[in-house]
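Please read them alongside the sequence and the coordinates.

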Amino acid sequence: MVAVDQRLQQVRFKVPATPEDIATLKIGSIVYLDGVIYTGREGVYNRVIEQGERIPLELPAVSNVNFHCSPAAAIEPDGSYNVGGVTATASFRFSKWMGKWFELSGAKIIIGKGGMSGQDYRDLFVPAGAIYLTTVGYGTGALLGRGIKRVIDVFWAEELGNAQAMWVFEVQNFGPFLVDSDLEGNSLFEQQGQLINANLESLYADLKPPALSRFGETDNRKDELI
Amino acid sequence: MIPYDCIEQAAFNIMERAAIDIPEDYRQSIVELADTEQSELSCFVLKTMIENYGAATADRRPMCADTGLPRYYVKVGNDARPEGGFIALEKALRSATARATHDIPLRPNRVHPLWRTDLNNNVGINAPEIDWSFEPDVDWIDLTTVHKGGLFGTDYRMLFPGDGIDGIKRFLLDALIAFGKRGLACQPAIVGVGLGGSKDACMVLGKQAACLRIVGDRHPDPKIAKLEMELKDLGNSIGMGPMGFVGSSMVADLHIEVGYTHTGGMPMSVHTFCLASRRATVRIHADGHLEYRTDPQWFSKYSRRETVEWSQ
Ligand code: SF4
């Protein structure tokens with residue numbers, strides 16, 4: 001086993017994150033957060049961006065960290081909360097809303113699963129001075145659940161359901177996350193993917209061609225696949 | 001007669017175990033992969049996962065907040081008699097699902113496919129899925145629950161006999177590479193490969209191979225067992241580890257299940273059971289006594305028989 005902990009940079013800072021905190025982050029760094037974060041995904045984006053509803057809390061004064069997540073949490077009849085595990089959901093699906101969301105919310109950090117495209121980083125994140133943190137694994141629900149100290153509020157639980165609602169959490173030593181994109185729009189996933197891609201052709205070298213082709217090998221719908 | 005309440009409670013209990021406690025066979029495989037992994041990023045991910053399993057068990061909280069699509073596999077002894085019959089048994093499983101969703105809690109993932117209606121209890125039209133099988137000469141009922149994340153890692157392809165083993169390898173590589181990028185499949189995975197059957201049966205077999213056999217289990221046919229190991233090694237030679245980082249930890253184990261199929265074809269399905277490989281089983285004995293385990297023992301000589309008659 002390689003001794004990872006000595007070699008990967010590890011940082012911890014407060015939310016709302018300052019431009020200086022964000023500027024120090026390098027792709028592949030390990031990050032822990034303290035402060036307030038909120039969840040937001042298609043349900044929230046739809047309401048705010050498509051339907052023009054007001055964001056129900058003071059952003060970015062309260063927080064500039066948007067978590068793509070639905071917690072495994074229940075709202076009790078007496079209005080209290082039971083938060084179990086917390087895990088991110090795949091972020092690439094939210095690409096079309098991110099530009100507008102940065103404008104409206106002032107978010108500087110997006111936490112999610114799997115990153116977004118290099119294109120999105122360059123076109124949307126870099127101009128907004130924002131970076132992307134990916135959760136690790138991705139099933140670190142229990143570790144992240146531990147980092148949540150308190151549910152401050154839940155918005156639109158009724159209208160959107162618990163999974164899509166906007167949860168506002170107070171967090172402590174919340175992580176680990178890995179920096180996927182930095183302020184220049186470099187991407188860890190993109191860089192790692194390119195290293196792996198270099199080897200892919202050779203895996204297929206000894207395999208005979210398939211009896212029947214399929215879509216994916218051609219993108220011309222008029223081609224016969226035989 | 002097995003009391004209704006006993007079945008409902010057992011069904012609830014395994015939902016809790018599945019959501020929180022990683023099966024030891026899978027945990028051990030991640031420890032071993034972390035030992036051999038040379039990439040520091042991949043190794044960091046594996047070590048974080050191991051830490052996460054510990055936190056889940058210590059805090060009694062779900063290991064992954066995406067508690068997947070909770071569902072049941074039921075194996076009924078030919079001599080087992082559930083109170084109220086099988087309609088009551090299905091009701092018990094639906095009731096346990098709703099109760100577990102609130103009490104553990106599980107994420108209420110289940111929604112109507114078109115209207116996105118969420119009843120907040122993981123129950124709905126055709127949900128939870130309940131798969132049935134039978135076992136001769138016994139009077140117990142085995143309940144297994146699986147919480148599998150659902151969006152990435154599953155694919156189907158109609159291959160042809162002429163494609164042979166090369167075709168199987170090609171499709172496996174295609175699927176693992178496609179879903180492994182950025183770690184969308186949350187690998188290292190227990191990979192299930194379904195071969196043969198009709199298209200729907202092929203999907204079911206592959207899914208069960210991934211979710212209902214433990215790491216280290218080998219198919220009883222030695223030639224299939226050998227192919228399982230060969231395909232596992234192939235998956236780990238891609239050069240991809242967890243989260244799609246450079247690495248060698250892609251496949252924790254690989255299981256193949258076969259079914260007799262159309263003479264002109266060789267349908268194949270691939271399924272990946274993720275870093276939160278959650279399964280738990282309870283055996284409900286005729287006297288209501290409960291026995292828990294993490295090995296579903298779903299496939300048996302009986303379920304894999306190829307004869308008309310059954311004899312032990
Ligand atoms: S694929 Fe598994 S580990 Fe990953 S988020 Fe889904 S349930 Fe969790």
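1. Helix 7 of chain A spans residues 157-164, and its buried residues are A:Ala157, A:Gly161, A:Asn162, A:Ala163 and A:Gln164. Buried denotes under 20% relative accessible area, exposed over 50%, and partly exposed in between, with a 1.4 Å probe and protein chains only. These buried residues pack against helix 3 (42-50), strand 4 (73-75), strand 8 (148-155) and strand 9 (166-181) of chain A. Helices (H or I, at least four residues) and strands (E, at least two) are DSSP runs, numbered from the N terminus.

2. This is a predicted model, in which local features need pLDDT of at least 70 and side-chain atom pairs count only at pLDDT 80 or more, while totals for chains, interfaces and linings use all residues. Residues are numbered from 1 along each chain as its sequence is written, chains are lettered from A and ligands numbered from 1 in the order in which they are written, and side-chain values use heavy atoms, with hydrogens and water left out.

3. Helix 3 of chain A also packs with helix 4 (residues 95-105) of chain A, at an angle of about 70° and with the axes 11 Å apart. Helix 3 of chain A is therefore roughly perpendicular to helix 4 of chain A, a term covering angles of 65 to 115 degrees. Axes are lines fitted to C-alpha atoms, for helices over the stretch in contact, and angles run from 0 to 180 degrees between N-to-C directions.

4. To that contact (heavy atoms within 4.5 Å), helix 3 of chain A contributes residues including A:Tyr45 and A:Ile49, and helix 4 of chain A contributes residues including A:Trp97 and A:Trp101.

5. A:Gln9 lies in the loop between helix 1 (4-7) and strand 1 (10-14) of chain A. Its relative accessibility is 30%, so A:Gln9 counts as partly exposed. The side chain of A:Gln9 forms a polar contact with that of A:Ser29 at 2.4 Å. A polar contact is a pair of N or O atoms within 3.5 Å; within protein, one must be able to donate a hydrogen and the other to accept it, and residues adjacent in sequence count only if both atoms are side-chain atoms.

6. In chain B, B:Asp253 belongs to strand 6 (residues 251-259). B:Asp253 counts as buried because its relative accessibility is 1%. Its side chain reaches the backbone nitrogen of B:Gly216 at 2.6 Å and makes a polar contact with the side chain of B:Arg218 at 3.0 Å.

Technical notes: Angles under 35 degrees count as roughly parallel, over 145 as roughly antiparallel, 65 to 115 as roughly perpendicular and the rest as oblique.
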